[in-house]
Amino acid sequence: RTFYPNNKIINSWTVGFEGSLTYALDFQATDRDVSVYIAAETKAQTYINFVLWNAYTYLFEPFDPTNLDNTPLPDSQGYTYSGARFRFTSSSAYDFRGSVDLNMGEFYNGKFLRAEGELSYRWQPVGIFALGYSYNRIQLPEPHASADFWLLGPRAELSFTRKLFASAFFQWNTQANNFNINARLQWRFAPVSDVFLVYTDNSFAETIPNARVKFFSPKNKALVLKVVYW
């Protein structure tokens, strides 16, 4: 339910309940995701949200939440866990804006913390510069693995003229051990007609012990030229 108070700061606030339940054909519960939340939006379009959630997962096969090929959680077993989440998104009316999403609580038979969001700056009329970030901390009891993962992704979107555009995206992902570069140059030489020049590069983000793989050792590279004419 959404309320619209007669207030100079708050435009609306909402309380709600949502969830999903999944069952197998024999009516065995396999997944559950239930949450209650309260949210508020200001006159300046700033958004705040607080959630309490509860989840259930039944494992049909062994599963390692860290993806580190360590001792997996056993199959044929269900896990119930709960937590809280907070989200904040600043107003899009300003050139500088940001968002943050904090989620923490129980995770299978352990605990987890996730913090993610984005910081961006709109440089009018040239383009947008942004930095996306994500941090995940998974703590499971032994003999299962615990891990910390980082993902950083700066990007830029530029408009040099009304016909010439460029964009670049970088991503450092410790869970996938990957450093990615993706750059694109676009020239619109006629209506609905473009020339694209794209460069991609995937490298290792971290050194692998007892191997020839070092930081920034190459995985694959590609240079692609694409022409679209209408």
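Colleague: How does Arg 122 count at 29% relative accessibility?

Modeller: Buried is under 20% relative accessible area, exposed over 50%, and partly exposed in between (1.4 Å probe, protein chains only). Arg 122, at 29%, therefore counts as partly exposed. The model is predicted: local features need pLDDT of at least 70, side-chain atom pairs count only at pLDDT 80 or more, and totals for chains, interfaces and linings use all residues. Residues are numbered from 1 along each chain as its sequence is written, and side-chain values use heavy atoms, without hydrogens and water.

Colleague: Which side chain meets Arg 122 in a salt bridge?

Modeller: A salt bridge is a side-chain nitrogen of Lys or Arg within 4 Å of a carboxyl oxygen of Asp or Glu. For Arg 122 the partner is Asp 95, at 3.4 Å from N to O. Arg 122 belongs to strand 7 (residues 110-123) and Asp 95 to the loop between strand 5 and strand 6 (96-107), so this pair ties together parts that are 27 residues apart in sequence. Strands are DSSP runs of E, at least two residues, numbered from the N terminus. Asp 95 is partly exposed too, with a relative accessible area of 32%.

Colleague: How many salt bridges does the structure hold?

Modeller: There are 8 salt bridges. One of them joins Glu 116 and Arg 114, whose closest N and O atoms are 3.7 Å apart. Glu 116 is partly exposed at 26%, and Arg 114 is partly exposed at 22%. Another is formed by Glu 118 and Arg 155, at 3.3 Å from N to O. Glu 118 sits in strand 7 and Arg 155 in strand 9, so the pair ties together parts that are 37 residues apart in sequence. Both ends are partly exposed: Glu 118 has 29% relative accessibility and Arg 155 has 25%.

Colleague: Which residues do salt bridges with shared partners join into one network?

Modeller: The network consists of Glu 118, Arg 155 and Glu 157.

Colleague: Where does Tyr 108 lie?

Modeller: Tyr 108 is in the loop between strand 6 and strand 7, and at 12% relative accessibility it counts as buried. Its phi is near 55 degrees, a positive value in a residue other than glycine. Leaving aside neighbours within four places in sequence, Tyr 108 is in contact (heavy atoms within 4.5 Å) with Thr 57, Leu 59, Phe 63, Pro 65, Leu 73, Tyr 79 and Tyr 81.

Colleague: Phi of Phe 27 is also a positive value. Is Phe 27 buried or exposed?

Modeller: Phe 27 is exposed, with a relative accessible area of 71%. Its place is the loop between strand 2 and strand 3, and its phi is near 70 degrees.

Colleague: What describes a pair of aromatic rings?

Modeller: The distance of the centres and the angle of the planes describe such a pair. Rings of Phe, Tyr and Trp (its six-membered ring) pair if their centres lie within 6.5 Å; planes under 30 degrees apart count as stacked, over 60 as edge-to-face and the rest as tilted. This structure holds 15 aromatic pairs. Among them, Phe 63 and Tyr 108 are tilted, at 5.7 Å centre to centre and 50 degrees between the planes. The two are 45 residues apart, with Phe 63 in the loop between strand 4 and strand 5. Phe 63 is partly exposed at 32%. Phe 107 and Tyr 108 are edge-to-face, at 4.9 Å and 85 degrees. Phe 107 is buried at 19%.

Colleague: Which residues form one aromatic cluster?

Modeller: The members are Trp 53, Phe 63, Tyr 79, Tyr 81, Phe 107, Tyr 108 and Phe 112.

Colleague: Last, the peptide bonds. Which loop holds Pro 125?

Modeller: Pro 125 is in the loop between strand 7 and strand 8 (127-139). The peptide bond from Gln 124 to Pro 125 is cis, with omega near -5 degrees. A cis peptide bond also joins Glu 142 and Pro 143, with omega about 10 degrees. Pro 143 is in the loop between strand 8 and strand 9.

How values were computed:
Helix = DSSP H or I, 4+ residues; strand = E, 2+ residues; numbered from the N terminus.
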